[in-house]
Amino acid sequence: SARSAPPMLRSVDTVQASVLVDGRVVSTGRLSDYRFEGFANPKAYLDSSGRALTLQSVWAEATQDVKVALDWFVSNRSRHARVLRKKATRFRRGAFWDPTPRLPGYFRDVALNASVWLEQLRSAGVDLAGSYVNLGAADGVGDDPLNAFARDAVRESGGPTLAVEADPELCARHRQALPWVSLACERVSTRNLGALLRTSFSLASSRAALDVLKVDLDSFEGPILEEALFRQGLRPKLLLVEINAGIPPPLQFALLDSPQLQEAAKIVAISVGGSSPMEVNMPAAGVSLSYLVQRFAPDYVLLELGSPDAVLVRADLLPRLGRDAPLDEFQAFAHSWLDLHGFSRGQVRRWLYELDEVEALGEVYRHLAGWMAAHLGQVLPFVLSF
């Protein structure tokens with residue numbers, strides 16, 4: 001989990017790294033140009049007393065980086081406020097915002113524990129079925145926001161479950177850790193999701209009573225969600241979806257399931273200082289926050305933005321959680337701990353605070369298309385709009 005720690009002394013920009021595709025070095029440069037964790041709004045680093053709190057991490061800004069970012073942000077405050085306000089006024093769906101400063105650890109430890117939100121619903125009188133669908137389940141343990149729910153409420157109630165994971169090794173670990181969960185060891189797609197769901201959710205009533213749908217494929221989250229909600233009739237109380245945090249509001253991005261994607265399936269990794277490569281996402285993976293907020297409204301609304309998942313709740317249940325409006329997606333994006341793969345913090349801050357939606361869309365498109373052409377040899381089908 002991300003927790004507050006003594007800051008790094010040297011700039012994050014001094015760390016060099018190589019990007020590998022299927023084990024071959026494709027590019028070398030600053031690590032911070034590809035992998036970064038931190039706040040888009042530099043003022044979010046400040047606690048209630050005005051101290052800058054960051055993390056001791058190779059991915060995070062050091063204290064001196066935060067100071068530079070704060071100088072940039074404050075020196076252009078009028079322009080930044082004007083650009084963001086204009087976009088938010090046109091596109092924003094949420095109106096709720098709590099400005100209380102939060103440590104980075106909150107966004108993993110609290111925002112991404114499904115049981116926190118489900119227990120609030122239960123306390124408000126909402127009946128839970130003890131059921132979930134977990135697409136991209138991994139081992140069901142590490143960093144899985146459904147783990148506590150699976151071990152407690154689901155195990156106790158015996159409600160219907162479905163976990164899907166394509167990696168055989170992770171499947172074996174999942175089966176050992178959560179043997180009471182129905183597990184399918186195969187690749188999920190828009191074409192086989194219906195058949196997979198019928199193994200555990202054959203009745204329309206069980207689909208309507210579903211507690212949680214979690215999607216973490218590092219791939220085509222958007223189309224899978226559309227298939228699950230629009231054509232398969234799932235009506236979960238909560239949606240937990242990993243977002244592509246490199247694409248700020250109001251841009252709606254989604255990678256599509258396509259033959260080109262299957263042909264170009266490659267492993268992207270980063271090696272820092274010659275260390276063993278660590279697998280990361282490509283910048284064209286997943287779905288953006290605004291795609292989720294716009295595409296699934298008015299049925300689902302933003303409840304919280306964690307790192308790296310967005311939490312959406314069924315709109316009719318929002319008042320049960322003490323909210324009279326959805327979370328403001330512009331404020332949430334600016335003040336949440338972002339997990340960037342394939343983007344630099346400078347790009348994201350520029351697209352959010354300096355460019356209007358048309359200019360930002362153009363730069364994002366060039367970045368995505370250019371990266372795919374250079375690293376994959378082709379541009380994969382995707383959606384990008386506002």
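**Close-ups of a sheet and a helix pair**

**View 1. Glu 242 and its partner across the strands.** Over in β13, Asp 309 is the residue that bridges to Glu 242. Keep in mind that this is a predicted model.

**View 2. The open sheet, strand by strand.** Now for the whole sheet, which is open and has seven strands. Read across it and the order goes β6-β5-β4-β7-β8-β13-β12, with mixed pairing. At the edges sit β6 (183–184) and β12 (300–305), each pairing on one side only.

**View 3. Helix α4 against the sheet.** Here α4 (residues 114–123) packs on the sheet. The strands touched by this helix are β7 (212–215), β8, β12 and β13. The direction of α4 makes about 165° with that of β8.

**View 4. Helices α1 and α13 side by side.** The pair here is α1 (residues 63–75) and α13 (residues 345–353), with axes that come within 13 Å and cross at roughly 20°. Angles under 35 degrees count as roughly parallel, so α1 and α13 are roughly parallel to each other. Their crossing is right-handed.

**View 5. Who touches whom between α1 and α13.** On the α1 side, the contact is made by Asp 65, Ala 69, Trp 72 and Phe 73. Facing them from α13 are Arg 345, Arg 349 and Tyr 353. Sort the residues of this contact by type and you get four nonpolar, three charged and no polar.

Methods:
Residues numbered from 1 in each chain as written. Predicted model: local features only at pLDDT ≥ 70, side-chain atom pairs only at ≥ 80, totals over all residues. Heavy atoms only, no water. Pairing = 2+ DSSP bridges. Helix = DSSP H or I, 4+ residues; strand = E, 2+ residues; numbered from the N terminus. Contact = heavy atoms within 4.5 Å. Axes fitted to C-alpha atoms, helices over the stretch in contact; angles between N-to-C directions. Parallel < 35°, antiparallel > 145°, perpendicular 65-115°, else oblique. Left-handed = near helix turned anticlockwise from the far one by under 90°. Nonpolar A, V, L, I, M, F, W, Y, C, P; charged D, E, K, R; others polar.
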